[in-house]
Amino acid sequence: MKTLIAAYSGVLRGARRDEAARSESSNGGRALSREGSGRWGAGSSILSALQDLFSVTWLNRSKVEKQLQVISVLQWVLSFLVLGVACSVILMYTFCTDCWLLAVLYFTWLAFDWNTPKKGGRRSQWVRNWAVWRYFRDYFPIQLVKTHNLLTTRNYIFGYHPHGIMGLGAFCNFSTEATEVSKKFPGIRPYLATLAGNFRMPVLREYLMSGGICPVNRDTIDYLLSKNGSGNAIIIVVGGAAESLSSMPGKNAVTLRNRKGFVKLALRHGADLVPTYSFGENEVYKQVIFEEGSWGRWVQKKFQKYIGFAPCIFHGRGLFSPNTWGLVPYSKPITTVVGEPITVPKLEQPTQQDIDLYHTMYMEALVKLFNKHKTKFGLPETEVLEVN
């Protein structure tokens, strides 16, 4: 508004100069000169004001988009951390209010719907295409890189590495359409597998299933790979909670050497193994690393053993400033590279030798994928992937 007022004032000043110039009858040349000067001054003021207005508008729009990106990421982080517990408390409180019938109806329906997550859930393309996920993608930004085609006549198990603190790249790339996974791999239905305990939480389970997220247990994976046709891709964050405990900026390490269960599942169903590495996944949060043998690491391992996840002490940036601490991750690029599938035969009773053979092939393929792409995404040629 101030800019428009300034422009209007400039026009008035120019008009007054025009009137004064016409009243100068003693010197026609000087009057003409002032008249031209007045008109030029008015035009310059308008042009300058419009340029300032467009500049301010663009800057404000840029700031608004940045804040929308921050909010879109924060809502997902809060959903990941507290949505399930919060909804459970609210529903239990509802039993003590006049709205108790709503809670009864929900829990009744929940009892009938209990096994739906084990059968792939209820994927919603509408939810997967929400605009909020595009803001989520652009905040970091997150990118999905395809290196090979996938046949729709086969099923796949993607091994996703590293876990990071929250697996942000895994969620954005495979549980939303923000990076166009369905266009890059046409005919392939991705299912991101996560802790089965999340699907015991009211409301949170619906939110997860709408994105194509499923429990990471044998029953679910058996169903998807044997009774759901072909073209299914189960994304398993192989390192799990143990790997998240070592997540820190500047470190490229995976927990894989003794993780062979996903290979056994692949052999039992003849599902091809696909190594996948996310460059930058460890860069978005900082955490306190407890040394082996310390009380902090002991507590984390007990949680991991009995509950299924390991509590991490971590931080990102603040909501309004990148210079403060908070739950919002740092805006560091995350690039997920999907490697070449390893063809796996179907063996109903694979031997330990079979499992070890394909596990070794998978580890070698993952290291090869990392080495091939590391310099493209900011890592030095000397960087080595640590396989634990």
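Here is our conversation about the structure shown above.

Colleague: Before we start, what kind of model is this?

Modeller: Residues are numbered from 1 along each chain as its sequence is written, and side-chain values use heavy atoms, leaving out hydrogens and water. Local features need pLDDT of at least 70 and side-chain atom pairs count only at pLDDT 80 or more, while totals for chains, interfaces and linings use all residues, since this is a predicted model.

Colleague: Thanks! How many helices and strands does the protein have?

Modeller: Both are DSSP runs numbered from the N terminus: helices are H or I with at least four residues, and strands are E with at least two. By that definition the secondary structure comes to 13 helices and 12 strands.

Colleague: What percentage of the residues count as buried?

Modeller: Buried means under 20% relative accessible area, exposed means over 50%, and partly exposed lies in between, with a 1.4 Å probe and protein chains only. The protein has 388 residues, and the buried share is 44%.

Colleague: Which residues of helix H3 are buried, and how far apart are its end C-alpha atoms?

Modeller: The buried residues of H3 are Ala103, Tyr106 and Leu110. They cover an arc of only 65° around the axis (taken from the directions from the helix axis to the C-beta atoms), which puts them on the same side of H3. On the other side of H3, Leu105, Ala111 and Phe112 are exposed. The expected span is 1.5 Å times one less than the number of residues, so the 13 residues of H3 (100-112) should span 18 Å, which agrees with the end C-alpha distance of 19 Å.

Colleague: Nice. What do the buried residues of helix H11 pack against?

Modeller: H11 covers residues 261-269, and its buried residues are Phe262, Val263, Leu265, Ala266, Leu267 and His269. Gly270 follows H11, with a positive phi near 65°. Contact means heavy atoms within 4.5 Å. The packing partners of the buried residues are strand E2 (156-161), helix H9 (218-226), strand E5 (232-237), strand E7 (272-279) and H13.

Colleague: Is Glu177 buried or exposed?

Modeller: Glu177 lies in the loop between helix H6 (168-174) and helix H7 (181-184). Leaving aside residues up to four places away in sequence, Glu177 touches Gln125, Arg128, Asn129 and Ser182. Its relative accessibility is 11%, so Glu177 counts as buried.

Colleague: What is the phi of Glu180?

Modeller: Glu180 also sits in the loop between H6 and H7, and with a relative accessible area of 37% Glu180 is partly exposed. Its phi is positive in a residue other than glycine, near 60°.

Colleague: What about the phi of Val203?

Modeller: Val203 is in the loop between strand E3 (189-194) and helix H8 (204-210), and counts as partly exposed at 35% relative accessibility. Val203 is a residue other than glycine with a positive phi, near 70°.

Colleague: Last one: which residues does the cis peptide bond with omega near -15° join?

Modeller: Another cis peptide bond, with omega about -5°, joins Phe140 and Pro141, and Pro141 is in the loop between helix H5 (131-139) and strand E1 (142-146). Pro162 is found in the loop between E2 and H6. The bond with omega near -15° runs from His161 to Pro162.
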